[in-house]
Amino acid sequence: MIENVLTGWDGALCSSRYDRETGAFFTVAVHSRRRGPAAGGTRAMHYASHEDAVADATRLASAMTLKMAAADLPMGGGKSVIALPAPRHEIDDDLWQRILQVHAENLSALNGTYWTGPDVGTTSADMDLLHGRSGFAFGRSVDAGGPGSSAPSTAQGVYVAMRTAAAEAGMNDLAGRRVLVQGLGAVGMDVLELATKDGADVVAADLDEDRCRRARDLGAAIVRPEEVLDVESDVYAPCAMGGVIDVDVARRIRTSVVAGAANNVLVDPAAGEELARRGVVYAPDFIANGGGAIHLVGREVLGWSPAEVASHVDGIAATLSEVFERARTARLSPDRAAHDLAQSRLDRPAA
Ligand code: NAI
Ligand code: PHE
Ligand code: K
């Protein structure tokens, strides 16, 4: 029941709407506006139920609050989920445009309480339409006057996080190390390229054959998606969907580092504690994947140049080192320490 999802959530607002004409079910979750207007991407995919879609929206919105606070950006946390009537690749362009038009109405109705941006299933071109019709979307294409895709900055930040976490696990660099990339989308493919350039031995998986072929051309070995958690690696980078590590997986996964782009990697805090107990270094997702938010908010709210964005993305290394330090001294999992750090920044909002 949707009610059970919402009674377990501490957010500010969750609004849902079913559009009969397109068959799409929209949810906009605003978790917090303490540091500024809520912001977070629009995810468009097929869900098993409307309840699952609302649960995803609320959890993702909470993660955005932590991400903005940890990166010291003057925004709150929100997210939109469009539960599609069929998988994204089966939605034809005409139907997709009509779905986006309905979503633009949702953004207009919220009148700036919530700003959207790209996420799984949406692109910069979609942001052009949403921004044109509502005025509340980050991440428009460069041609439309926007800063373009957030994915390259996200990948850069994930890579910085990977190296910082690898150092924490006692590795000097990634040369000759096995890096396992799960999901070769906009972010994962760039992560793969960065790791390959540094001489890592990359193993990768995606559901999409074309993406696997491209990764193979870039020098990666390919494994089947269902085999990923059985592959031994030095660094595991979840770059597809969240919810991949529960306590059981944390107990058996054969890796030294977990650092990726996916939002909500851990099913619950206990999974983070189990990783810590086993000495697997976990780079908290909302810090490791903050590069996209830094790019969008940096360029569009704070007026940063691309060079300033890049330097703030590199700052993920310092934030993460602070988290590992806190975790060591307070004997907490890095996940807990990262929540504490974000909470302390939430308690003292940006000026
Ligand atoms: P995307 O949609 O471009 O790529 C996701 C890829 O994962 C696709 O190629 C898909 O086929 C693959 N995939 C899905 N399920 C899989 C499975 N079970 N096994 C292997 N591959 C699977 O998305 P994008 O933009 O690359 O984002 C990836 C993740 O990073 C998402 O969780 C997103 O929320 C998160 N993220 C993205 C940011 C961005 O700037 N794009 C910023 C922060 C987080
Ligand atoms: N969806 C991406 C994320 O999860 C990028 C994004 C950041 C979109 C901030 C909107 C606002 O970080
Ligand atoms: K996308």
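Q: Which helix is included in what covers the buried residues of H4?
A: This is a predicted model, so let's start with who sits where. The buried residues of H4 are Ser124, Asp126, Met127, Leu130, His131 and Ser134. Part of their cover comes from another helix, and that helix is H3.

Q: Why do the buried residues of H4 line one face of the helix?
A: The set to look at includes Met127, Leu130 and His131, which are buried in H4. Look down the axis of H4: the buried residues line one face because they fall within an arc of 140°.

Q: Which residue just after H4 takes a positive phi?
A: Go to the point where H4 ends and check the backbone there. The phi is positive, about 85°, and the residue is glycine 135.

Q: How far does H3 reach from its first C-alpha to its last?
A: H3 covers residues 93-110, which makes 18 residues. At 1.5 Å a residue, the expected reach is 26 Å. The model comes close to that, with H3 reaching 26 Å.

Q: Within what arc do the buried residues of H3 fall?
A: Start with the list: Trp96, Ile99, Leu100, His103, Ala104, Asn106, Leu107 and Leu110 are buried in H3. Viewed down the helix axis, they line one face of H3, since they fall within an arc of 155°.

Q: Which helix is among the elements that cover the buried residues of H3?
A: Several strands contribute to this cover, including E1 (13-19), E2 (24-32) and E4 (42-45). E5 (76-83) and E6 (114-115) are also part of it. The cover includes a helix too, namely H4 (124-134).

Q: How many other C-beta atoms lie within 10 Å of arginine 331?
A: Arginine 331 is found in the loop between H13 (316-330) and H14 (334-347). Arginine 331 is not a glycine, yet its phi is positive, at about 50°. Arginine 331 is exposed, and the count of other C-beta atoms within 10 Å is 10.

Q: Which are the edge strands of the open sheet of six strands?
A: Follow the order E9-E8-E7-E10-E11-E12, where the pairing is parallel. An edge strand here pairs on one side only.

Q: What is the bridge partner of valine 258 in E12?
A: E11 takes in residues 257-258, and two bridges join E11 to E12. These two strands run parallel. In E12, the partner of valine 258 is tyrosine 282.

Q: What radius of gyration does the protein chain have?
A: The chain has 14 helices and 12 strands, and its C-alpha atoms fill a box of roughly 55 × 45 × 45 Å along the principal axes. For 351 residues, a compact globule would have a radius of gyration near 20 Å. The chain agrees with that, at 19 Å.

Q: What percentage of the residues of the protein chain count as buried?
A: Take contacts with a separation of 6 or more: residues 24 or more positions apart account for 65% of them. For burial, the count runs over the 351 residues of the protein chain, and the share that counts as buried is 54%.

Methods
Residues are numbered from 1 along each chain as its sequence is written. Chains are lettered from A and ligands numbered from 1 in the order in which they are written. This is a predicted model: local features need pLDDT of at least 70, side-chain atom pairs count only at pLDDT 80 or more; totals for chains, interfaces and linings use all residues. Helices (H or I, at least four residues) and strands (E, at least two) are DSSP runs, numbered from the N terminus. The expected span of a helix is 1.5 Å times one less than its number of residues. A residue is buried if 20 or more other C-beta atoms lie within 10 Å of its own, exposed if 12 or fewer, and partly exposed in between; C-beta atoms are placed from the backbone. The arc is that of the directions from the helix axis to the C-beta atoms. Two residues are in contact if their C-beta atoms, placed from the backbone, lie within 7 Å. Two strands pair if DSSP finds at least two bridges between them. The radius of gyration is taken over C-alpha atoms; the globule rule is 2.2 Å times the number of residues to the power 0.38.
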